[in-house]
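Please read each point with the structure open.

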Amino acid sequence: MDIKLRNISYSSGAKLLAIIIVWLGFLGTMGGCILWLDNRQAANASSYTETYSFQSTFSRTLYNTVEYYLAVPDEDNTENTAGDSASEDDNWPQVNPIDDRFPTMVNFVYYVRNTETGQWWSNLDAEETDPIGFIQKQPSTVFFNGRTSDGNIAIMEDIKGLITDRPYEVYAAVAEPLQPGDAFYDYYVDFNRSKVLSQTASTVSIISFFLMALAFIYLIYITLLRDPEEIKTQRPVRLYTDVHTLLVAIAAVLSLTIGVRTSMGIPDIVTFVFLAIVLSLDIFIGLFYVLSMAEQIKTGQIFTNSLIYKLGSVLKGFLRLAFQGKVFKVWMLILLGGYGFINGLLFILCEQSYYGFINGNFLFMVLLLIAFNAGVVYFIARSLVALPQIMEAVKEISAGNLDYPLDSAIIPVSLSAFAEDIHSLQGGLKKAVAIAVKGERMKTDLITNVSHDLKTPLTSIINYVDLLKKEKLENERAAEYVNVLEEKSDRLKQLIEDLVEASKASSGNLTITGEKVDLHELIMQACGEYEAKIQQAQLALHINTADETIAVRGDGRHMWRIAENLLSNVVKYSMPHTRVYIDIASDDGYGSFTIKNISAFPLNISPEQLTERFVRGDESRSTDGSGLGLSIAQSLTTLQGGEFQLEIDGDLFKVTTALPLWTEE
Amino acid sequence: MERLNVLICDDDTAIVDALEIYLKQEGYGVEKAYTGTQALQALSEHEIHLILLDIMMPELDGLSATIRIREDRNIPIIIISAKSEDTDKIAGLNFGADDYVTKPFNPLELMARVKSQMRRYTALGSIALKNGILKTGGLELDREGKEVRVDGEIIRLTPIEYGIVVFLMENMGHVFSIAQIYEQVWNEPSYAAENTVAVHIRRIREKIEINPREPKYLKVVWGIGYKIEKY
């Protein structure tokens, strides 16, 4: 049932019918309105006596009458003052000729009386016993004397002026029922006809309007019910909505002008037909426009299918393209040139209009110039505001904060490509860092786990070598072999421990506490630990302290490990009978200790190689120790936020460990 | 004196066998176990005075076994493990172990630790504390007799070393810098480049500690000073 209804309501017949109803309804509404407007006087008046034409004719007739009787006799007053009332008919021959003077005004009645003499003139029947009462009964009655006036009709002041300060009173009216034969009767008939006509016209107009509105709503309703895809396929190409709107507006203004011009005169049939054609055109243009808009609202194209939007998107794409890559500079030049050109043009226009050389409003031109420059400033300001944002983001990224958000909403089109690049750079770095961190952790985990597995058999080796040593070995060489085994198993143990530690230190997989570490105390303690070994190596130790209260921020255990590794190297590699110097100093926010010693062997290796042996692994190993000591010391220093420097000058070996000075927080 | 028994528990038989040899040389009786459950069983079947316990073992690991033993037993437990992280050591000691030795260990050091624990366990406070005796763990200072003992054994110290120990024991748990110790013990103001205090302290550690590199009593607070730990 539903479907059937829909089908019916969609049928083209119903649609055509609705369109015809809209058309006819519009014509009816407009026609009715025009007719109503033409007869609006009758429509607004409740009686023919209120119409303008009636009142003006009445006034004129009254004037003529009064003038005829009063103004003329006044001049002859000297002659007639002596006349008696009996001679009235003879002395005033004008009484009868009234019909000659106003033959058409058969419905006009009057009664003029001289209050002093009692003389009177009237065109009423002589049988009329109460002429004043008769006149005053009429709907269009008028009375006035030299001082006051009364009545239903507004009369000209000139008439009153005729009898000012004179002892006359005038009664006048149009007697009902009206007889055919004069203008008053015509007005009466016209009024009745107009009254009916205007009522009919307004009724027709209102009914037509409602019919039109209903049909119109129906048309929009079925349009909005339609499937957007169907609409699109039916009419894929349309006029741009804004162009369409402009054309419709022009048509509306044109037809309005034509309509007003043509309906100025007395309406005749030709005008009506012409107007009907124009209005028909209008309604079809308007209906087509509204339905087209409704369809485009339904398909969501109302804004996208506009010339302004199309131009805007083309411009935006163009700008985006212009600001990307190589064409940037060229377009910058063109834009700059364009800006200068437009500004110059506007300036010239301002000047010209100021001096009046061209026809234009100076203020408007200045406003245009200001608006243009304000627009340019806004555009540039938006770019400039966004630039610090991007710079801040780059700074944060370079500082290692890869999660710094770059709000793309505030980036203008001119910098969006740049911002996107930075964003993807951020993503790439983040990924790389994540992979590197994961790799380091896996490496450390692997080394830790492998070292666990190595330690268990090594324990047995060490234990049994020790047990073997305690056995009474007959063979002397066997005892020597056991000693080698013991030495090498100890070295293996050291290697494994150093390996784990170096791996942890280089991957940063260590806990670091920031304590106050007194460098002098630390060096004293470390030297105390190594005192015996230093003596054994036949070295002389000299400690120079500029300031005994230099404290750095570091982790005591790690600091000891660094000092231990360095002193261990000193003891192992220094030439006997040389001096070892340890200098403690502070400089530029860092506290440092520098160890200097003379190598027993030529150092044919670069400082970089010395600290990177763990990483490189291809240089020859020293026979004693793991060779990882420097690498561990460097990693630990770096982890604590310090700097580790190696210097080799001939046989002089110099290591500086610097850490940030302790500051109370 | 009744024979003292040690239970060795490690899934590596070679280590268990080697330790058995060492312990028997020291005159201890030995029970062997290769898993945590075996250890618990041996503990219920034999009279055990000390346990050497590995952590990474099948069936029941060492830490779980420690918790189970600690439910009703007070005997010393020394963990021997390849796990050398600080966190592992802290976990082991927190779960109730008395000592933690990492592999590969020096067998002599391990024996020293066994003896130390054994003495403390079997002495059971039989030595009455006299007046003027300061004690932390197994370290005792007898100021009247001018003696320092570790687990009951008298330690021979020079007068200066003795002075340092007295000063640190009297202020147990407090950290003192080299300068402070010097001023207190030598009774004269310290001056720079003086590292005799550090040397003396190292020597004291060599005498009183089982492993001077990992001291139990006289600890180095790197970059700050020294202290005697309060137990």
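**Notes on the model**

1. The side chain of Asp10(B) comes to 3.0 Å from the backbone nitrogen of Asp12(B). Asp10(B) sits in the loop that runs between strand E1 (5-9) and helix H1 (13-25) of chain B. Helices (H or I, at least four residues) and strands (E, at least two) are DSSP runs, numbered from the N terminus.

2. This is a predicted model, in which local features need pLDDT of at least 70 and side-chain atom pairs count only at pLDDT 80 or more, while totals for chains, interfaces and linings use all residues. Residues are numbered from 1 along each chain as its sequence is written, chains are lettered from A and ligands numbered from 1 in the order in which they are written, and side-chain values use heavy atoms, with hydrogens and water left out.

3. Is Asp10(B) buried or exposed? Asp10(B) is buried, because its relative accessible area is 0%; buried means under 20% relative accessible area, exposed over 50%, and partly exposed in between (1.4 Å probe, protein chains only). Contact means heavy atoms within 4.5 Å.

4. Gln296(A) belongs to helix H13 (residues 269-299) of chain A. Gln296(A) counts as buried because its relative accessibility is 0%. Among the residues that Gln296(A) touches, not counting those up to four places away in sequence, are Arg238(A), Thr241(A) and Asn305(A).

5. Ala154(A) lies in the loop between strand E4 (149-151) and helix H9 (157-162) of chain A. Beyond residues up to four places away in sequence, Ala154(A) touches Gln55(A) and Ser59(A).

6. The next point is the interface. In chain A, 35 residues are in contact with 39 residues of chain B. The area buried between the two chains is about 3,200 Å², and carbon and sulfur atoms give 54% of that area. Buried area is the accessible area (1.4 Å probe) that two parts lose on being put together, summed over both. On the chain A side, Glu521(A), Gln525(A) and Glu529(A) lose the most area to chain B, together 18% of what that side buries.

7. How many salt bridges does the rule find across the interface of chain A and chain B? It finds six, where a salt bridge is a side-chain nitrogen of Lys or Arg within 4 Å of a carboxyl oxygen of Asp or Glu. One salt bridge joins the side chains of Lys504(A) and Glu85(B) (2.6 Å, N to O). H17(A) gives the largest share of the side of chain A that touches chain B, 13 residues.

8. Glu564(A), in helix H20 of chain A, is buried because its relative accessibility is 7%. Apart from neighbours within four places in sequence, Glu564(A) is in contact with Tyr530(A) and Arg213(B). The C-alpha atoms of Glu564(A) and Glu529(A) are 8.7 Å apart, with the two residues 35 residues apart along the chain.

9. The largest nonpolar core has 71 residues, and Phe593(A) and Ile181(B) have the most contacts inside it. A nonpolar core is a set of buried Ala, Val, Leu, Ile, Met, Phe, Trp, Tyr and Cys residues joined through side-chain atoms within 4.5 Å. Another core, of 28 residues, lies apart from it and includes Ala45(A) and Phe108(A).

Conventions: A polar contact is a pair of N or O atoms within 3.5 Å; within protein, one must be able to donate a hydrogen and the other to accept it, and residues adjacent in sequence count only if both atoms are side-chain atoms.
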